[in-house]
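Please look through the sequence and the structure shown here before reading on. The report after them takes up a few features in turn.

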Amino acid sequence: MTVHSVSIVINGKSRTVRNGLTVADLLRDLELHPGMVVVERNRKILAREALQAIPVEEGDRIELVHFVGGG
């Protein structure tokens, strides 16, 4: 049996996403530019260059911290 979705938590909110996504795919689906957010997955900060290779898995807890410009 193929699982079509996984349950994760993004910034404290439960969410169901497509199975097989990478973290980079997730950011695209959320319309976020990888250069403008810091991604923490299960309490570990992820390197931007690794986002395409890291799968989103059932039960992941993801925190997205947005950079805000100003001055």
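How many salt bridges does the count come to? The count comes to 4 salt bridges, and it should be kept in mind throughout that this is a predicted model.

## The sheet and its edges

The model holds an open sheet of 5 strands, arranged in the order β2-β1-β5-β3-β4, and the pairing within this sheet is mixed. Strands β2 (13-18) and β4 (44-45) stand at the edges with a single partner strand each, so one side of each is left without a neighbour in the sheet.

## Strand β1 and its two partners

Strands of a sheet pair through backbone hydrogen bonds, and they can do this in either a parallel or an antiparallel sense. With β2, strand β1 pairs in the antiparallel sense over 6 bridges, whereas strand β1 (residues 5-10) and strand β5 (residues 61-66) pair in the parallel sense over 2 bridges.

Val-9, for its part, stands opposite Arg-61 in β5. In the hairpin of β1 and β2, 2 residues lie between the strands, and Asn-11 takes a positive phi near 50°.

## Arg-18 and Asp-29

Arg-18 has its place in strand β2 and is partly exposed, with a relative accessible area of 48%. Leaving aside residues up to four places away in sequence, Arg-18 touches His-4, Ser-5, Val-6 and Asp-29.

With Asp-29, Arg-18 forms a salt bridge in which the closest N and O atoms are 2.7 Å apart. Asp-29 lies in helix α1 (residues 23-29) and Arg-18 in strand β2, so the pair ties together parts that are 11 residues apart in sequence. Asp-29 also counts as partly exposed, at 43% relative accessibility.

## Further salt bridges

The side chains of Arg-28 and Asp-25 meet in a salt bridge at 2.5 Å, N to O. Because Arg-28 and Asp-25 are 3 residues apart in helix α1, they are separated by about one helical turn.

Another salt bridge joins the side chains of Asp-60 and Arg-41, at 2.9 Å from N to O. This pair links distant parts of the chain, with Asp-60 in the loop between β4 and β5 and Arg-41 in strand β3 (residues 37-41), 19 residues apart. Are Asp-60 and Arg-41 buried or exposed? Both Asp-60 and Arg-41 are buried, and a network of salt bridges links Arg-41, Glu-57 and Asp-60.

How values were computed: Residues are numbered from 1 along each chain as its sequence is written. This is a predicted model: local features need pLDDT of at least 70, side-chain atom pairs count only at pLDDT 80 or more; totals for chains, interfaces and linings use all residues. Side-chain values use heavy atoms; hydrogens and water are left out. Two strands pair if DSSP finds at least two bridges between them. Helices (H or I, at least four residues) and strands (E, at least two) are DSSP runs, numbered from the N terminus. Buried means under 20% relative accessible area, exposed over 50%, partly exposed in between (1.4 Å probe, protein chains only). Contact means heavy atoms within 4.5 Å.
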